Amino acid sequence: IHGSVVEAARSGNHDAISAIYLTYQDQIYRYIYFRVGSAEVAQDLMQEVFLRMLESLSRYEERGFPISAWLYRIAYARCVDHV
């Protein structure tokens, strides 16, 4: 995902938001699944990750890391909260 897609998503562009979701949903799901061991819980937590992304996207700041790093941080926090 290029920075221009992230900027478009920050501006509320639905196609850009969808592109981020479609690009990272499987990776985030697998990350969570291997930590919680339940497909159902992993699916729920993955949805929470992307909900948090939507809620916070306008405040997201590019700091030289890909947006996936931010999504993994959110996923990690959701896993910790779950445990």
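Predicted model: local features only at pLDDT ≥ 70, side-chain atom pairs only at ≥ 80, totals over all residues.
Axes here are lines fitted to C-alpha atoms, for helices over the stretch in contact, with angles from 0 to 180 degrees between N-to-C directions; helices (H or I, at least four residues) are DSSP runs numbered from the N terminus. The crossing of the pair is right-handed, meaning that the near helix is turned clockwise from the far one by less than a right angle, with anticlockwise giving a left-handed crossing. On the H3 side the contact (heavy atoms within 4.5 Å) involves Val41, Leu45, Glu48, Val49, Phe50, Arg52, Met53 and Ser56, and on the H4 side Trp70, Leu71, Ile74, Ala75, Arg78 and His82. Nine of these residues are nonpolar, two polar and three charged, where Ala, Val, Leu, Ile, Met, Phe, Trp, Tyr, Cys and Pro count as nonpolar, Asp, Glu, Lys and Arg as charged, and the others, Gly among them, as polar.

Residues are numbered from 1 along each chain as its sequence is written. Local features need pLDDT of at least 70 and side-chain atom pairs pLDDT 80 or more, while totals for chains, interfaces and linings use all residues, and side-chain values use heavy atoms, without hydrogens and water.

H3 also packs against H2, at an angle of about 140° with the axes 8 Å apart; the two are therefore oblique to each other. H2 passes H3 in a right-handed crossing. Among the H2 residues that meet H3 are Tyr21, Tyr24, Tyr29 and Tyr33. By class, this contact has 18 nonpolar, three polar and no charged residues.

At the other pairing of H2 (residues 14-36), its axis and that of H1 (residues 3-10) come within 7 Å and cross at roughly 120°. H1 and H2 are therefore oblique to each other as well, and their crossing is left-handed. Val5, Val6, Ala8 and Ala9 of H1 touch Ala16, Ile17, Ala19 and Ile20 of H2. These residues comprise eight nonpolar, no polar and no charged.

Finally, the largest pocket has a volume of about 200 Å³. A pocket is an open set of points on a 1 Å grid over the protein atoms alone, where a 1.4 Å probe fits, with protein on both sides within 12 Å along at least five of seven lines; lining residues have an atom within 4 Å of a point. Grid points are joined across faces, edges and corners, and the volume is the space filled by probe spheres set on the points. The lining includes Ser56, Tyr60, Phe65 and Trp70, and its largest share, three residues, comes from H4 (residues 67-82).

Definitions and conventions
Parallel < 35°, antiparallel > 145°, perpendicular 65-115°, else oblique.
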